[in-house]
Amino acid sequence: MAKNLKEALEKNMAEGKPEFQLKYNAEINKKPFEAILNFKKSDQTDMYFFNSYNASLEKTNGEKMDQTFYINKGKGITSKEAFNLLDGRAVHKDLVTKENQPYKAWLQLDLGNKDKHNNFEVKQYHENYGFNLKEAVGKFAIAELKDPEKEKALMQSLQKGNVQSVTVEKDGSSHKMFIEADPQFKKVNLYDSNMKMVAKESVEKYQSVGKTEAGKAVKEEIGNDKKKELSKEVKPGKELLSKQKDNTLLPKKRESHKKGLGVS
């Protein structure tokens, strides 16, 4: 908490006001962000509760986005997460149901629809929705994924809804790029060094293909080995059939058995 905000909080609490508001201003990613923090005194004690805050973000085109975020038992959306949500991105949170059952989900504001309280509708993408952040990020040749600590920091940053700087390795050279989580479409969005989104048809060239090619090579090698082994097993059977031509019952059983091996 900023020093001047803390001093204002202590002053208002000392005066014993039943409720009061504090204003928080910041510039995040060159965009003005503001939050009005709502405090209320308990009816039974001298304790104060931070129940909610009204956040607003001014976008680069001058449009102002507003949303009220509620605090439940000291937990809720942080100011940086609020900024990211109002800027159109998703955040990953630990939540609880009405029955107090914990669950995890990605949250994203539906910036085209508002509810009766003039808040944007909130879309949730649960774990069973099918978005796997680690797999989505792993499709790209990102240098940070080679270091467990850097990988962990990258995942945590993306879960907070940040646009994260990464180093993408391609054709022997490194490229500074940016990525963000896009759970709705089960992928991550890729931006160039100028924060221009990489077109869908160009994304593939930045993806990591080494593992895929290696996997194909291994599969082909295993397939060839199996074919060789099977051909070795089948040959003795054919010889047995030719030697026992005169016996009409035995060769038929042998032939059926060996064809079964060939298929498997």
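**Exercise 1.** Determine the strand order and the pairing sense of the open sheet of three strands in this predicted model, and identify which strands stand at its edges.

*Solution.* Step 1: the strands of this open sheet follow the order β5-β6-β7, and their pairing is antiparallel. Step 2: β5 (91-96) and β7 (120-126) each have a single partner strand, so they stand at the edges, and one side of each lacks a neighbour in the sheet. Step 3: on average, neighbouring strands of the sheet are turned by 50 degrees against each other, with direction ignored.

**Exercise 2.** State how many bridges join β5 and β6, and which helix packs on the sheet.

*Solution.* Step 1: six bridges connect β5 and β6 in the antiparallel sense. Step 2: Val96 lies opposite Pro102 of β6. Step 3: helix α2 (residues 79-86) packs on the sheet and touches β5, β6 and β7. The direction of α2 makes about 45 degrees with that of β6.

**Exercise 3.** Locate Asp110, decide whether Asp110 is buried or exposed, and describe the surroundings of its side chain.

*Solution.* Step 1: Asp110 belongs to strand β6, which spans residues 102-114. Step 2: Asp110 is buried. Step 3: the nearest side chain of opposite charge is that of Lys123, 4.8 Å away. A salt bridge requires a side-chain nitrogen of Lys or Arg within 4 Å of a carboxyl oxygen of Asp or Glu, and Asp110 has no salt bridge. Step 4: the side chain of Asp110 does form a polar contact of 2.9 Å with the side chain of Asn113. Step 5: with neighbours within four places in sequence set aside, Asp110 is in contact with Phe120, Glu121 and Lys123.

Key: Residues numbered from 1 in each chain as written. Predicted model: local features only at pLDDT ≥ 70, side-chain atom pairs only at ≥ 80, totals over all residues. Heavy atoms only, no water. Helix = DSSP H or I, 4+ residues; strand = E, 2+ residues; numbered from the N terminus. Buried < 20%, exposed > 50% of the residue type's maximum accessible area, 1.4 Å probe, protein only. Lys, Arg positive; Asp, Glu negative; His and termini not counted. Polar contact = N/O pair within 3.5 Å; in protein donor to acceptor, adjacent residues only side chain to side chain. Contact = heavy atoms within 4.5 Å. Pairing = 2+ DSSP bridges. Axes fitted to C-alpha atoms, helices over the stretch in contact; angles between N-to-C directions.
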